[in-house]
Amino acid sequence: MKLAAPTIDAVRAAAALIARRIRRTPLVPIDGGHLKLESLQPTASFKVRGFFTAALAAPHDRRAAGLMTVSAGNAALACAHVAKYLGIPCRVMMFDTAPQAKRAGVERLGATVIPLPFQELLDWMTNERWHDEPELFIHPFADEAVMTGNGTLALEILDQLPEVDRVVVPVGGGGLVVGVAATIKAIRPEVEVVGVQSDGYPLWRDAFQAGGPVSLKPNTIADGTTGPFTGAMFELLQDHVDRWVVVPEGDVRRAVAELAIRGKVVAEGAGALAFGALSMLESRPGTVAVVSGGNIDPGRLAELLSEYAATLSG
Ligand SMILES: Cc1ncc(COP(=O)(O)O)c(C=O)c1O
């Protein structure tokens, strides 16, 4: 499978197509840069941008049997939301370790969850088993329409902060960062694009060091960024990401709490990754960190806040 990065014309068309169905999320200043709050989208992540774009671009008869995706959680929520909006059914394959908040959210939206163990789900994806299913399958990242929809986030950043000179983006499968980078660089090629992962799942750093496929077992609270290696994304990431930052898992945990207490923002682990990376970068006011999602289990949030409180009192 060969994939092309989105063109700026396609991203502009997608922005017009989905404008009424998503939110233009706020860009707020913090120490060391700005936060783009995609945690405030419907279903609390950027994923609705790509899923609306892909579903609306498909011919009616292709989506008549419904939508299907495979997900660590947020793509499932977005897919279920879009299917409900369009009045069609939805089924999602999810890791059986997905946070309860995400699974319950998907079911509340009327979609059917098919839970599978981590490796089984990766095999399902690697073997592209969706071809055996009747629904329109929307790949959560390795899909040109999804990446195009993700690019609409970058159009907003360019509009909200014309002097942006660096975007810091959490990376799982890579669809978010490729969509954002292709869009920003089409207009401002000099803007630096930083890809971020946790050291509990540094898939792409390891893949670039190895020069090819690697497989890691995730050990991170940033469950949204535990997508598998994909050859087509490897090439796109090579072309679009200027710099990689791997944040120690302890700092990811702290970043969730700091965002809540200092930033007044509720983020999940993956959503806090880019903010967590800011202290590892030289400070520049034109920096934007994408807070990509806010779906965190209340128990997990409480645990991270207690950990943080202990460091303050100790
Ligand atoms: C909150 C959050 N951030 C970042 C990502 C990473 O996006 P991508 O897989 O397109 O790299 C995801 C993916 O599910 C996510 O849910």
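Me: Start with α13. How many residues does this helix have, and what is its reach from first C-alpha to last?
Reply: This is a predicted model. Helix α13 covers residues 298-313, which makes 16 residues. At 1.5 Å a residue, the expected reach is 22 Å. The model comes close to that, with a reach of 22 Å.

Me: What is the count of buried residues in α13?
Reply: Buried takes 20 or more other C-beta atoms within 10 Å. Helix α13 is hardly covered. Among its 16 residues, the count of buried ones is 1.

Me: Which residues are closest to the ligand?
Reply: The shell around the ligand has 21 residues. By class, they divide into 8 nonpolar, 12 polar and 1 charged. The closest are Gly-172, Gly-175, Gly-224, Ser-292 and Gly-293.

Me: Which element gives the largest share of the shell around the ligand?
Reply: The elements giving two or more residues to the shell are α4 (74-86), α8 (175-187) and α12 (269-278). The largest share is 3 residues, and it comes from α8.

Me: Which residue of β6 stands opposite Leu-67?
Reply: Strand β3 (residues 67-71) runs parallel to β6. The two are joined by 2 bridges. Opposite Leu-67 stands Leu-136.

Me: Which element gives the most to the largest nonpolar core?
Reply: This core has 98 residues, and those with the most contacts inside it include Cys-79 and Val-167. It draws at least three residues from each of domain 1 and domain 2. The top contributor gives 8 residues, and that element is α4.

Me: Is Gln-41 buried or exposed?
Reply: Gln-41 sits in the loop between β2 (33-37) and α2 (47-57). The cut-off for burial is 20 or more other C-beta atoms within 10 Å. Gln-41 has 24 within that distance, so it is buried.

Me: What separates the C-alpha atoms of Gln-41 and Thr-230?
Reply: Along the chain, Gln-41 and Thr-230 are 189 residues apart.

How values were computed:
Residues numbered from 1 in each chain as written. Predicted model: local features only at pLDDT ≥ 70, side-chain atom pairs only at ≥ 80, totals over all residues. Near = placed C-beta within 6 Å. Helix = DSSP H or I, 4+ residues; strand = E, 2+ residues; numbered from the N terminus. Nonpolar A, V, L, I, M, F, W, Y, C, P; charged D, E, K, R; others polar. Expected span 1.5 Å × (residues − 1). Buried ≥ 20, exposed ≤ 12 C-beta atoms within 10 Å, placed from the backbone. Pairing = 2+ DSSP bridges. Core = buried A, V, L, I, M, F, W, Y, C linked by C-beta atoms within 7 Å. Domains from an automatic or database assignment.
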